[in-house]
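Welcome! Please take a moment with the sequence and the 3D view below before reading on.

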Amino acid sequence: MRKRFGIGVVSAVLVGVLIGAAIQPVMGQTNVITTAIKLFGIGYVVKTYGDQINSAINSLMLNNKARNRDMTKVVPILSVGIGIVSSNPGSYIGAAQVQGPAAAVNKVQAVAQIEGSFLGAVRLKGLVPVDSLNPLAGDLHRVYGVGVTALVDFQL
């Protein structure tokens with residue numbers, strides 16, 4: 001089962017990246033199409049395998065005596081360009097595990113990652129559980145009572 005899960009994750013990410021690379025020169029819309037395909041690929045992986053990823057994180061925590069007590073789930077993590085001006089503009093996607101009371105966790109659709117810098121020497125990142133898959137800069141709808149307990153990195 002783990003092998004099939006790994007193959008599914010790798011396949012979805014590769015398809016997204018390869019299609020993005022093939023379409024990008026043809027369409028001339030470098031950022032829009034590539035971003036949409038990556039968003040779809042990672043979003044699909046999180047939606048399809050979120051329960052298995054969540055279970056793996058919970059097992060990792062339990063095995064290291066750091067068990068989660070409240071409800072958890074894995075959602076996409078999206079970077080949004082708000083706050084302090086960042087030296088690394090653009091949008092990125094990954095996944096995060098959120099934890100909290102079931103009623104609040106069920107409202108969370110994504111985690112918004114707000115990036116910026118302070119005095120040009122300190123990099124800042126805020127992780128905010130939100131109730132939308134399309135968090136808009138300056139108009140986040142935070143879900144209170146929920147925290148981020150893990151980040152999931154996809155190797156390309």
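Here is a short tour, from the overall layout to single residues.

This is a predicted model, in which local features need pLDDT of at least 70 and side-chain atom pairs count only at pLDDT 80 or more, while totals for chains, interfaces and linings use all residues. Residues are numbered from 1 along each chain as its sequence is written, and side-chain values use heavy atoms, with hydrogens and water left out.

**Layout and confidence**

The protein chain holds three helices and five strands, in the order α-α-β-β-α-β-β-β along the sequence. Helices (H or I, at least four residues) and strands (E, at least two) are DSSP runs, numbered from the N terminus. The predictor's confidence in each residue is given as pLDDT, from 0 to 100. Its mean over the protein chain is 77, and 65% of the residues reach 70 or more.

| Element | Residues | Mean pLDDT |
|---|---|---|
| Helix 1 (lowest) | 2-27 | 48 |
| Helix 3 (highest) | 102-105 | 97 |

Over residues 12-28, pLDDT stays under 50. Residues 82-88 are also below 50. Where pLDDT is low, the predicted coordinates should not be read in detail.

**The inside**

Of the 156 residues in the protein chain, 36% count as buried (under 20% relative accessible area; exposed is over 50%, and partly exposed lies in between, with a 1.4 Å probe and protein chains only). A nonpolar core is a set of buried Ala, Val, Leu, Ile, Met, Phe, Trp, Tyr and Cys residues joined through side-chain atoms within 4.5 Å. The largest one has twelve residues, including Ile42, Tyr49, Met61, Val74 and Phe154. Helix 2 (30-63) and strand 5 (147-152) each supply at least two of its residues, and helix 2 gives the largest share, seven residues. Apart from this core lies another, of ten residues, among them Val98 and Val143.

Contact means heavy atoms within 4.5 Å. Leaving aside neighbours within four places in sequence, Met61 is in contact with Ala66, Arg67, Asn68 and Thr149. Gln99, in strand 2 (residues 93-100), counts as buried because its relative accessibility is 17%. Among the residues that Gln99 touches beyond four places in sequence are Asn68 and Thr149.
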